[in-house]
Every structure is written in C-alpha cells, then in structure tokens.
Amino acid sequence: MAAEEQGALTEAVYYILLALHEPKHGYAIMQDVQELTKDRLILGPGTLYGALSTLADKGWIKACTEDQSSRRKEYLITDLGRSVFRTELERLEELLTHGKLIVGSENS
Amino acid sequence: MRKRIFKLYTNYEKEEVWLNQMAASGWNCISYCFGRYEFEKGTPGEYTYRIQLLDYAPTHPNSAEYLALLEDAGIELFASHIRWVYLRKKTSGGSFELFSDRGSRITHYKRIITMLLPLALVNFVFGVGLLENGRIIRSFNLAAALILAVPIFSYYRRMNDLEKDSQILE
C-alpha cells in the first residue's frame, strides 16, 4: 500500500498494532491496551475480534499459533503492519507539531 | 427461587434494556428459548447483560475463537438463538460493552439489517399479493413485514447517527 493512500488508523487499530509488536492472543491485547492507557481505552471483545480479522485479512498481522486446533490464536504484527504503523506515527507527529505550533502546548 | 416469563421482543436493544432492568432488581436471566426467559433470584446488580448477532452460529467452528475471547474476558454465554448470543458478565469484573468504537457498532447494525431486511421484503411481497395466495395468509405476511419494519427502522436510524458522527470524529 502506498503511503499516500493510507488513512488515519482508528484508535483501536493503533493500539492493537502497538500491542502486537510482541505475540499475543486476544484477551492479552485487551489487558495490554487497558493497562497502557490506564483504563481509558477498554476494547470491547466485538470491536477487537472484528479488527483482528480485518487486520489479518489485510496482512498487517498474522496468526502465529503453532497448534492450529487451538481456540486461542496468538497474533504478531507483520513487516507490512510495521511499515503502516511507522507511517501513522509520522503522521501523528506532524499533527502534534502543527497543533502545538498554532495553539501552543500550554497545560491549562 | 426461579421464575419464567414469556415475552416477545423484536428489538434486541429493548430486550437488552429489559434484561438489565431485571438484573438490577435481582432477577438474573439464566436461559432463553423462543420467548421463554428463565430468571434466578440473585443479588441485585450482580450482572450486566448484552445481546449480539454473530457472523456465524455459536456452534460453527468460525465462532470458536470469539467464544474463547469472551470466556477469557469473564463473559458467560448463557443462551443462543440461531446467530444471536445472550451474554452476561459480573459487574464486579468492570464495565461490559461489546463494542468500543463507532465503526464496530455500525458493522453490528449492518449485520442485523442485512439479516432482517430480506425477511421483511419477502413478507411484504407476499403480503401485498404480488403472488397468488389467500387473503388470510396475505394479512399474516403483511403483519410480519410491519413487525420487522419497526426494528429495522430503529437500527437504521441509530446507524445513520453513528455514521454522521464518524464523519467528524474518530
């Protein structure tokens, strides 16, 4: 996917990709994101499961469970996923820079 | 102590509200089958209830991974009806929402509308007599089409509101 075609990631997808820089199964992702955001973002199981199947279809993550019969699949980000994530980080940094430039970064 | 209540819901969101009201007053739903709900007396506010339409029936292998995720998250599947699943979670285990963003809520409404709309249309076609059938059967079909149209319209409106918001919000 060309970088200019890539839109903004949803917050759920952003944190799922972040969590999957290490192999994890679904519930571990939920816990990880909840802990990282200090309970601000609690992924609903419906939201998480839908995102995981879409991300796997797109090839941004892949299942890495050896036992195929296991009900609990572990996932890991792919090289494509990493590059998408890096592009998003750059976009977010640009947003932040522009925001601070014009509105300032006062903590009022 | 247990009690049974017969009730027919066509709108799952209203059904969910009712199950949560019952739970808040100490009646925990423990089974559901064709309009028959069974409740067990418990501590008021012990459970939160949610209802969801899955892509596949819960017995289908494609649902296994999602069911395992629910289990891990402390969510109990206590009844199912075709592709609908009836879920509950102890309130002590934190808040219980199946969806945490607009996109996935919209997808869920779409899934329900996609299932209900053809049913409503088939009944409507029979109901207005586009096909040869008796007057009594026709009125049943027309009634069924109307009964289905009400929740479809409600889901559609909710989905539309979410889509409007998602034009300006993540």
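Is B:Cys29 buried, partly exposed or exposed, and what is its relative accessible area?

1. B:Cys29 is buried, at a relative accessible area of 1% (buried is under 20%, exposed over 50%, partly exposed in between, with a 1.4 Å probe and protein chains only). A:Cys64, by comparison, is partly exposed at 29% relative accessibility.

2. This is a predicted model, in which local features need pLDDT of at least 70 and side-chain atom pairs pLDDT 80 or more, while totals for chains, interfaces and linings use all residues. Residues are numbered from 1 along each chain as written, chains are lettered from A in the order written, and side-chain values use heavy atoms, without hydrogens and water.

3. Over all chains, 0 disulfides are found (a disulfide being two cysteine sulfur atoms within 2.5 Å). For B:Cys29 the closest cysteine sulfur belongs to B:Cys33 and lies 11 Å away, too far for a bond.

4. Between the chains, 21 residues of chain B contact 20 residues of chain A (heavy atoms within 4.5 Å). The buried area is about 1,700 Å², with 53% from carbon and sulfur atoms; this is the accessible area (1.4 Å probe) that the two parts lose on being put together, summed over both. On the chain B side, B:Glu65, B:Leu69 and B:Asp72 lose the most area to chain A, together 35% of what that side buries.

5. There are 4 salt bridges between chain B and chain A (a side-chain nitrogen of Lys or Arg within 4 Å of a carboxyl oxygen of Asp or Glu). One of these joins A:Lys73 to B:Glu65, with the closest N and O atoms 3.8 Å apart.
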